[in-house]
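Below are some notes for a colleague who has not seen this structure before. Please read them with the structure open.

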Number of protein chains: 2
Amino acid sequence: MAAKDTLSLTFAALADPTRRSILTRLSQRAATVREIAEPFEISAPAISQHLKVLERAGLIERTANAQWRTLTMRTKPLDEASAWVEKHRREWNNSFDALEVHLKRMIKREEQ
Amino acid sequence: MAAKDTLSLTFAALADPTRRSILTRLSQRAATVREIAEPFEISAPAISQHLKVLERAGLIERTANAQWRTLTMRTKPLDEASAWVEKHRREWNNSFDALEVHLKRMIKREEQ
DNA sequence: CCTATAGTTAAGCATATCATTAATTAAGGA
DNA sequence: TCCTTAATTAATGATATGCTTAACTATAGG
């Protein structure tokens, strides 16, 4: 498997509702796997795999305390994701004359 | 296939580097499929499929002019994606005392 | 009408994703 | 030591993704 870039891993991690829900809970406070898994109907291994995806994207960290894993959210990937999205929203809004430019190019093409 | 929510479709669409690159170009100006496909080494059908993903997420619109399709970017899905990410970044930062709260809970558990 | 251009659809294939159940690892406590 | 709890790993299966080539639709334009 080709190693994916951070941004792709982050967006892919956020593309699943269960994982977003996990992050929502972790954004309030750190928690154990048990606590995070509780509201979901899926199996423990399924949760474990979701956590692996989140961890690979750098969105969470797992620290061991005895047989418990404390899950902590990390915002760096969110910062990068946000930066990408904001840049493109802004870029689009900056080209408020995008339609005009496009029309000019269409006209130019017709003239050729 | 279960119908996915907009946010999931948006994040999934953004999870691919080729699609992000397409959006980057479209954020500058509207373009035809041919123009968008040009810098990529992948086949035309592959591009067409990427466009379908972007369209399903509402990130682009295709309008037909003769045999050309003009691709236009739409920012609404980006607005929603941004809102989700920002909310969670903020939430996490608000709970600056998250560690303290967690420690209290750990202590409480030990006392029981 | 014929041909070139623009683009999509269809079919097939390799790999990834998301779930399952069963087995395993690790620690706490009677 | 034995049992329970917490969590992960392994194996498997269904479905989704991302790509390919081949075939198709539609329009411009000589």
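1. The contact between the chains draws 31 residues from chain B and 30 residues from chain A, two residues being in contact if their C-beta atoms, placed from the backbone, lie within 7 Å. On the side of chain B that touches chain A, the elements giving two or more residues are helix 1 (6-14), helix 2 (17-28), helix 5 (76-94) and helix 6 (98-111) of chain B. Helices (H or I, at least four residues) and strands (E, at least two) are DSSP runs, numbered from the N terminus. Helix 5 of chain B supplies the largest share of that side, 10 residues.

2. By type, the side of chain B that touches chain A has 15 nonpolar, 9 polar and 7 charged residues. Here Ala, Val, Leu, Ile, Met, Phe, Trp, Tyr, Cys and Pro count as nonpolar, Asp, Glu, Lys and Arg as charged, and the others, Gly among them, as polar.

3. This is a predicted model, in which local features need pLDDT of at least 70 and side-chain atom pairs count only at pLDDT 80 or more, while totals for chains, interfaces and linings use all residues. Residues are numbered from 1 along each chain as its sequence is written, and chains are lettered from A and ligands numbered from 1 in the order in which they are written.

4. Not counting residues up to four places away in sequence, Leu26(B) touches Ala31(B), Ile60(B), Leu71(B) and Met73(B).

5. Thr10(A) belongs to helix 1 of chain A. Is Thr10(A) buried or exposed? Thr10(A) is buried, because 28 other C-beta atoms lie within 10 Å; the cut-offs are 20 or more for buried, 12 or fewer for exposed, and partly exposed in between. Beyond its neighbours within four places in sequence, Thr10(A) contacts Ala57(A), Leu59(A), Pro77(A), Glu80(A) and Ala81(A). The C-alpha atoms of Thr10(A) and Ala57(A) are 5.1 Å apart, although 47 residues separate them along the chain.

6. In helix 4 (residues 44-56) of chain A, the buried residues are His50(A), Leu51(A) and Leu54(A). They cover an arc of only 100° around the axis, so they lie on the same side of the helix; the arc is that of the directions from the helix axis to the C-beta atoms. The face turned away from this buried side carries the exposed residues Pro45(A), Ser48(A), Gln49(A) and Lys52(A).

7. Just after helix 4 of chain A, Gly58(A) has a positive phi of about 80°.
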